Amino acid sequence: MQALRWHNVKDLRLETIEEPAALEGKVKIKIEWCGICGSDLHEYVAGPIFIPQGTDHPLTGEKAPVVMGHEFSGQIVEVGQGVNKFNVGDRVVVEPVFACGECVACRQGKYNLCEKMGFLGLAGGGGGFSEYVAADQHMVHKIPDSLSYEQGALVEPSAVALHAVRSSQLKVGDKAVVFGAGPIGLLVIEALKASGAAEIYVVELSEERKSKAEELGGIVIDPKQYDVVEEIQKRTEGGVDVAFEVTGVPPVLTQAINSTKLSGQIMIVSIFEKDATITPNNIVLKERNLTGIIGYRDVFPAVISLMEQGYFPADKLVTKRIKLNEVIEHGFEALLKEKNQVKILVSPKQ
């Protein structure tokens, strides 16, 4: 089958590899759509970050080159021995987290914080930028017929957004700000709407992404026109309850901190490529809370349920659909050069 594999920075190759088999406890899935994630883009321009290079990953036993892609949907075409939850023909998505099940985090049920944690599509185990993938049945979730496969490909990134909001101290009627209206930032807006936020401010430079944020109900603040912190403090009479940092840009973290009210909270959702310098007194003297989240846990069913109610709409978030043989030029490079792109979906079908 055809698969996109990461070999090194700016070195992705579409190669012919062996199809995976539905071994014991696994299902084989024919990929319909796979989204390009911000994490994939980070690996492309600045990796390896999550991709094991030189040393095998402790859970998958693999290292680069690895197949990429972890935001995908598809249909089960084969079930392995011992699989009792799924049948051929089921429409599914995969929660692509590898966890050891034995460390302190896993014993507490926080499998996304596993000491050896890895992602299918980054740490090995196959990936969604291919024709087929095999996954352990416990990683698989059915999607209803009412949701398209395109919508299914948004379950994984939407889970990041919902986990970020559910992990925060936000309450119904609170005010929030989202720094960055890229794919995850826009999904955070949706998660905030579903969680009852009264006002959702969005800080973004890109004209196209500002329009998307407004379309989803965000109140946009353009950092070219305003002192962002001053404007947020003025509009909210002292700051928002929770700020979500979704840019990975160090100076923006400081803005996020200073945009919150007394005892407010800052949620770091981004993966940072560089260290960020902050002034601790901006946290201490206002009794603010600084929290980070990685991935998600126990949230896929809730995301799927919210999608059935109309949240995280693919028709408003997917801006481009391409084929697997176009993924480098019209996918990865397009996301680097075209700020009007939000979510690009990739199909292995020719």
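**Exercise 1.** In this predicted model, work out which residues of helix α7 are exposed and which are buried, and explain how the buried ones are arranged around the helix.

*Solution.* Begin with the exposed side of α7, where Glu230 and Lys234 are found; exposed here means over 50% relative accessible area, and buried means under 20%. Finally, ask what covers them: the covering elements include the strands β11 (175-179), β12 (199-203), β13 (219-221) and β14 (240-245), together with helix α8 (250-258).

**Exercise 2.** Describe what is found at the N-terminal end of α7 and what follows the helix.

*Solution.* After the helix comes Glu237, whose phi is positive, near 55°.

**Exercise 3.** Determine how helices α4 and α5 pack, and name the residues that make the contact.

*Solution.* Two packed helices are described by the angle between their axes and the distance between those axes. For α4 (residues 155-166) and α5 (residues 183-194), the angle is about 55° and the axes are 8 Å apart, which makes α4 oblique to α5. The crossing of α4 and α5 is right-handed. On the α4 side, the contact is made by Pro157, Ser158, Val160, Ala161, Leu162 and Val165, while α5 contributes Ile184, Leu187, Val188, Ala191 and Leu192.

Definitions and conventions
Residues numbered from 1 in each chain as written. Predicted model: local features only at pLDDT ≥ 70, side-chain atom pairs only at ≥ 80, totals over all residues. Heavy atoms only, no water. Buried < 20%, exposed > 50% of the residue type's maximum accessible area, 1.4 Å probe, protein only. Helix = DSSP H or I, 4+ residues; strand = E, 2+ residues; numbered from the N terminus. Arc of directions from axis to C-beta. Contact = heavy atoms within 4.5 Å. Polar contact = N/O pair within 3.5 Å; in protein donor to acceptor, adjacent residues only side chain to side chain. Axes fitted to C-alpha atoms, helices over the stretch in contact; angles between N-to-C directions. Parallel < 35°, antiparallel > 145°, perpendicular 65-115°, else oblique. Left-handed = near helix turned anticlockwise from the far one by under 90°.
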